[in-house]
Amino acid sequence: MQAEKKQDIRKLTLEELEAYFLSVGEKKFRAKQVYEWLWNKSLKNFDEMSNISKSTREILKENFTINHILVDQFQRSTDGTIKNAVKLYDNNIVESVLIPTSKRITACVSSQVGCSLDCNFCATARLKRMRNLNPDEIYDQVVAIQEEASLYFDRPLTNIVFMGMGEPLLNYQNVLSAIDKICSPEGLGISPRRITLSTVGIGKMIRKLADDEVKFNLALSLHSAINETRTRLMPINETNTVEDLAQALKYWYSKTKRKVTYEYVIWDGINDDEKHARALAKFCKHIPSKVNIIQYNPIDEGEFRQASQDKIDLYLSILEGSGIIANVRKSRGQDIDAACGQLANKNEL
């Protein structure tokens with residue numbers, strides 16, 4: 001029963017922590033010391049707070065808990081990619097990925113346990129959405145990958161993408177709180193310019209990002225600029241149509257002056273023709289943007305198959321002919337189900 005009464009200390013702001021210390025007769029500056037241990041040094045245990053007296057540590061242990069994540073399972077791909085199965089304090093599992101290239105080490109993190117959006121090509125969509133992740137649970141995924149980058153590659157973490165399990169814009173406040181802490185000098189001090197939030201496209205929330213003047217990058221999982229096709233792929237398009245998204249993105253650009261990246265998979269027999277390629281080129285003209293054509297990673301023997309190289313070349317020819325920057329992204333970590341669209345907690349299914 002005592003454990004149930006303990007509050008997760010990382011839910012407190014610095015000001016709230018200061019008020020707590022004053023209420024128990026401690027000096028106000030203790031709060032800043034503890035706050036630094038919790039965030040900048042990512043400490044998991046009150047006993048290790050060496051500049052805090054033992055009596056104060058005992059008070060903290062009696063009243064608070066640190067709900068730190070645990071990397072429960074660790075897999076490493078032949079290409080160096082690392083996938084973490086992360087156990088949360090309530091025994092739910094999410095996955096995060098370290099993606100190494102010659103110039104970057106990127107952390108791909110999750111924002112929800114499961115997902116509720118039912119994209120037909122994505123393994124995560126087959127999981128029931130259990131709950132949103134707390135800011136500290138998102139933060140801890142980044143810290144774990146930062147430590148792995150140092151340990152296994154002797155290089156720093158350079159980039160963060162919110163492209164793991166869940167839809168970040170459906171956990172809006174917690175995701176923004178986590179990013180704020182990640183970017184803060186009191187946290188990890190990572191520039192927001194090195195962070196990309198990827199969304200399936202929720203118009204009103206894209207507008208809210210613009211109104212909140214966020215400094216990080218925005219990516220949109222598009223996959224078709226034709227409503228009929230996109231709705232088949234992504235049911236959310238029924239309420240957030242291609243036209244709605246175009247207006248939301250124009251608003252985003254008018255407020256932020258920041259280009260958007262469109263993530264796009266080309267599937268055999270679904271969107272691999274000239275009509276779809278030209279629709280994409282037209283959509284890209286709404287605001288400054290670029291396209292990442294992403295290799296598809298099969299999740300079963302179903303209807304979705306990677307398009308042939310000549311179809312990808314067709315897209316590239318049309319996009320480049322329209323003056324649009326387009327890159328083909330080869331997926332990494334396929335052999336451990338760590339590539340785009342494959343995160344599904346297979347150890348739990």
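Trainee: What makes strand 5 and strand 6 a pair, and in which sense do they run?

Mentor: Two strands pair if DSSP finds at least two bridges between them, and four bridges join strand 5 (residues 93-100) to strand 6, which run antiparallel. Strands here are DSSP runs of E with at least two residues, and helices are runs of H or I with at least four, both numbered from the N terminus. A hairpin of four residues links strand 5 to strand 6, and Ile 99 has Thr 106 as its bridge partner in strand 6. This is a predicted model, in which local features need pLDDT of at least 70 and side-chain atom pairs count only at pLDDT 80 or more, while totals for chains, interfaces and linings use all residues. Residues are numbered from 1 along each chain as its sequence is written, and side-chain values use heavy atoms, with hydrogens and water left out.

Trainee: How do you know that strand 6 also pairs with strand 9?

Mentor: Three bridges join strand 6 to strand 9 (residues 159-162), and these two strands run parallel; the cut-off is at least two bridges, so strand 6 and strand 9 count as a pair. Ala 107 has Ile 160 as its bridge partner in strand 9. Ile 105 and Ala 107 point one way from strand 6 (residues 105-108), whereas Thr 106 and Cys 108 point the other way, and all are buried.

Trainee: Why is Asn 217 called buried?

Mentor: Buried means under 20% relative accessible area, exposed over 50% and partly exposed in between, with a 1.4 Å probe and protein chains only; Asn 217 has 19% relative accessibility and therefore counts as buried. Asn 217 belongs to strand 11 (residues 217-221). Beyond its neighbours within four places in sequence, Asn 217 is in contact (heavy atoms within 4.5 Å) with Pro 192, Arg 193, Ile 195, Thr 196, Leu 197 and Arg 258.

Trainee: What makes strand 3 and strand 14 the edges of the sheet?

Mentor: Ten strands form an open sheet in the order 3-4-5-6-9-10-11-12-13-14, with mixed pairing. Strand 3 (70-76) and strand 14 (325-329) each have a single partner strand, so one side of each is left without a neighbour in the sheet. From one strand to the next, the twist averages 20 degrees, with angles running from 0 to 180 degrees between the N-to-C directions of axes, which are lines fitted to C-alpha atoms, for helices over the stretch in contact.

Trainee: Which helix lies across strand 5, and at what angle?

Mentor: Helix 5 (residues 135-153) runs at about 40 degrees to strand 5, and lies across strand 3, strand 4, strand 5, strand 6 and strand 9.
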